[in-house]
Amino acid sequence: MSEHVSLPRTLTALAVTLVAGAALLFGSPAQSGEPVPPSVAAAWPDAQRGSIPSHLADGDAYTPGLFLDARTSAGTVRTADGRFLRLVVLDADRTVRELRRVPAADRAPFSALAVSGDTLVWVETVKSRPQLWTADLRDAGSARKLTDDLGSLRLDNSQYDLTLAGGVVRWAAAVGGGTEFRSVPVAGGRVSVQRVDGDWGLSAWPWAVDGQTAVAGASTLLNVDTGATVAVPSGQRAVTACSPVWCEMVSLDEEVDTRIEMSHPDGSARRTVAEGAVGTVINDVAVLDRFEVFGRTGPQSELSGNQELLVHDLATRTTVLVSPDAGDITYRAGVLWWTTGDRETFVRNSLDLRTV
């Protein structure tokens, strides 16, 4: 079966895009009297940060797929001649360790990177067919294929596209009328398949969330191990997304403003995180069970395509300005990263939220 790639948050992303466009047209940036959020340096002086260029020292283009810490990453290198894709680890001192090199023809960049300890797993797509691979981060010669029996793999640009825990790799695959939860031992072996009705995506194991293609988003959490379900908050004018700990409700009011609200899955601790020309910018809700990441568009956003990048700390109920002009915002495994600069000479900046 072919790889199944879902739109980010399905219709949530579409709703946010429409809201941002409407905000720019009708003028709903932050109110002039609103306090300016503190910077990362002021609010979190001990948080680890880093930056990497868009190209390596040899001129090859580099796209990180996962940060191991604020200054160490793993990702795809496309050679300058376009012939090869390389999976590398870029160390803090800019040393490059190659884990795998493949011909670029008929291939997509390495994707869905996930890590546990020194074990890295990822997806390789060859002629539209996904394969699951693994390697030891310490051993440049250790890359090996685990399986090409992935089903119609669901990729939602989430840190949970692949999960790696307890020596087992897990993922969700679309199937007519339902979802397959698939898994394979990282040591190798047979792929196990558990089929359930409905359209589900994996969250923090053993939980999954439904509503991957529903207009209103999530309505239920499912414990894949036990079969237990938990109904989650919903609203007539809101798009809901959930983790096992927090739910995010994004709604549009009559004045074409967006409101981002959070609550626990049982509806408790509900509060408004942001209002105005705001929207979600990553597909994972309340990362590390603490930080809600969102963006705010301003007068220059229509020209630059960038936006303010903000993080709301649910523990302290404070919002921090991470970047006033961020593009290409991504999050995986505790680290948030984004680009600054123009399309030709951009730099990727990173913030390890685990160190806040």
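I checked L202 and found it opposite A208 in β17. Two bridges join β16 to β17 (residues 207-209), and these strands run antiparallel. I'm using DSSP runs, numbered from the N terminus: helices are H or I of at least four residues, strands E of at least two. Two strands pair if DSSP finds at least two bridges between them.

Before going on, I noted that this is a predicted model: local features need pLDDT of at least 70, side-chain atom pairs count only at pLDDT 80 or more, and totals for chains, interfaces and linings use all residues. Residues are numbered from 1 along each chain as its sequence is written, and side-chain values use heavy atoms, with hydrogens and water left out.

Next I followed the sheet: it is open, with four antiparallel strands in the order β16-β17-β18-β19. Its edge strands, β16 (201-202) and β19 (229-231), each pair on one side only.

Then I turned to aromatic pairs (Phe, Tyr and Trp, its six-membered ring, with centres within 6.5 Å; planes under 30 degrees apart are stacked, over 60 edge-to-face, the rest tilted). I got three of them. W44 and F291 have ring centres 5.7 Å apart and planes at 70°, so I logged them as edge-to-face. They sit 247 residues apart, with F291 in strand β25 (residues 291-296). W44 is buried at 8% relative accessible area, and F291 is buried at 1%. (Buried is under 20%, exposed over 50%, partly exposed in between, with a 1.4 Å probe and protein chains only.)
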